Amino acid sequence: ISNPISFTLSGPAELPRSLLRNDDGELLQVQDDSFGFNWIKPSPASEYPRFERTSARLWELYSVFTAFLEERGHGRPTFRQCELTNVNFVPVKDFGSDFNDMCNAFVVDPFNWQVEGLVAETYVRRRQHKIIDDEGRPVGRLHSVISPVFRDAEKAFQFELTARSPATIRTEDDA
């Protein structure tokens with residue numbers, strides 16, 4: 001999961017790009033115009049943390065960061081954009097035997113040309129959707145990509161979802 005938050009610092013704050021990583025696989029990147037949180041598998045036996053846990057951890061670390069800035073007289077950052085990416089791996093063996101069995105796992109158009117001698121081998125799917133609020137106003141976009149990959153020498157699909165806010169957000173509630 002990758003959770004960058006883009007912002008602008010007001011006042012004299014100038015932050016060098018900083019990368020911080022702990023033994024639990026958490027990776028934090030802080031610089032003048034962004035705050036990013038990611039998780040990197042620290043060992044083969046490590047269990048992937050679910051979205052709820054990593055999202056809560058992002059906001060926990062962000063509140064520590066904003067408190068740090070406020071204590072030093074810099075005020076709270078103004079948001080410019082928020083982006084959340086979730087990457088999932090779906091093993092082919094869970095739903096079929098080969099990449100061309102993608103339609104057994106995902107709802108996608110089959111894109112079958114039905115040409116003699118032409119057999120679908122694999123799929124890559126990319127979609128973009130508007131995210132709208134209760135009044136039907138656009139509040140962001142969801143980008144999805146499904147790609148064939150090999151993970152631990154086994155066939156899988158990487159299913160990546162990225163939600164991105166418009167550049168008009170300004171607060172944590174907007175994000």
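The lining of the largest pocket is made up of nine nonpolar, three polar and seven charged residues; here Ala, Val, Leu, Ile, Met, Phe, Trp, Tyr, Cys and Pro count as nonpolar, Asp, Glu, Lys and Arg as charged, and the others, Gly among them, as polar. The model is a predicted one, in which local features need pLDDT of at least 70 and side-chain atom pairs count only at pLDDT 80 or more, while totals for chains, interfaces and linings use all residues. Residues are numbered from 1 along each chain as its sequence is written, and side-chain values use heavy atoms, with hydrogens and water left out.

Rolling a probe the size of a water molecule over the atoms shows where empty space is left. A pocket is defined on a 1 Å grid over the protein atoms alone, as an open set of points with protein on both sides within 12 Å along at least five of seven lines, a 1.4 Å probe being used; lining residues have an atom within 4 Å of a point. Grid points are joined across faces, edges and corners, and a volume is the space filled by probe spheres set on the points. The largest pocket holds about 450 Å³ of space. Its lining comprises 19 residues, and those nearest the centre are Lys41, Tyr48, Asn88, Phe89 and Arg151. Two or more lining residues are contributed by each of β4 (34–39), β5 (78–91) and β8 (154–164); strands (E, at least two residues) and helices (H or I, at least four) are DSSP runs, numbered from the N terminus. Strand β5 provides the largest share of this lining, five residues.

Strand β5 also contains Val90, which is partly exposed at a relative accessible area of 21%. Buried denotes under 20% relative accessible area, exposed over 50%, and partly exposed the range in between (1.4 Å probe, protein chains only).

Helix α1 (residues 51–71) has 21 residues and reaches 30 Å from its first C-alpha to its last, close to the 30 Å expected at 1.5 Å a residue; the expected span is 1.5 Å times one less than the number of residues. The buried residues of α1 are Thr54, Ser55, Leu58, Leu61, Tyr62, Phe65, Thr66 and Leu69. They cover an arc of only 140° around the axis, which puts them on the same side of α1, the arc being that of the directions from the helix axis to the C-beta atoms. An α-helix has 3.6 residues a turn, so residues three or four places apart point the same way. On the face turned away from the buried side are the exposed residues Glu52, Arg53, Val64 and Glu71. Gly73, with a positive phi near 80°, follows α1.

Most residues other than glycine have a negative phi. Asp152, although not a glycine, has a positive phi of about 55°, and Ala153, likewise not a glycine, has a positive phi of about 65°. Asp152 is situated in the loop between β7 (138–151) and β8 and is exposed at 70% relative accessibility. Ala153 lies in the loop between β7 and β8 and is exposed, with a relative accessible area of 74%. The loop between β6 (125–132) and β7 contains Asp134, an exposed residue with a relative accessible area of 80%.

Zero disulfides are present, a disulfide being a pair of cysteine sulfur atoms within 2.5 Å. Cys82 is buried at 12% relative accessible area, whereas Cys103 is partly exposed at 35%.
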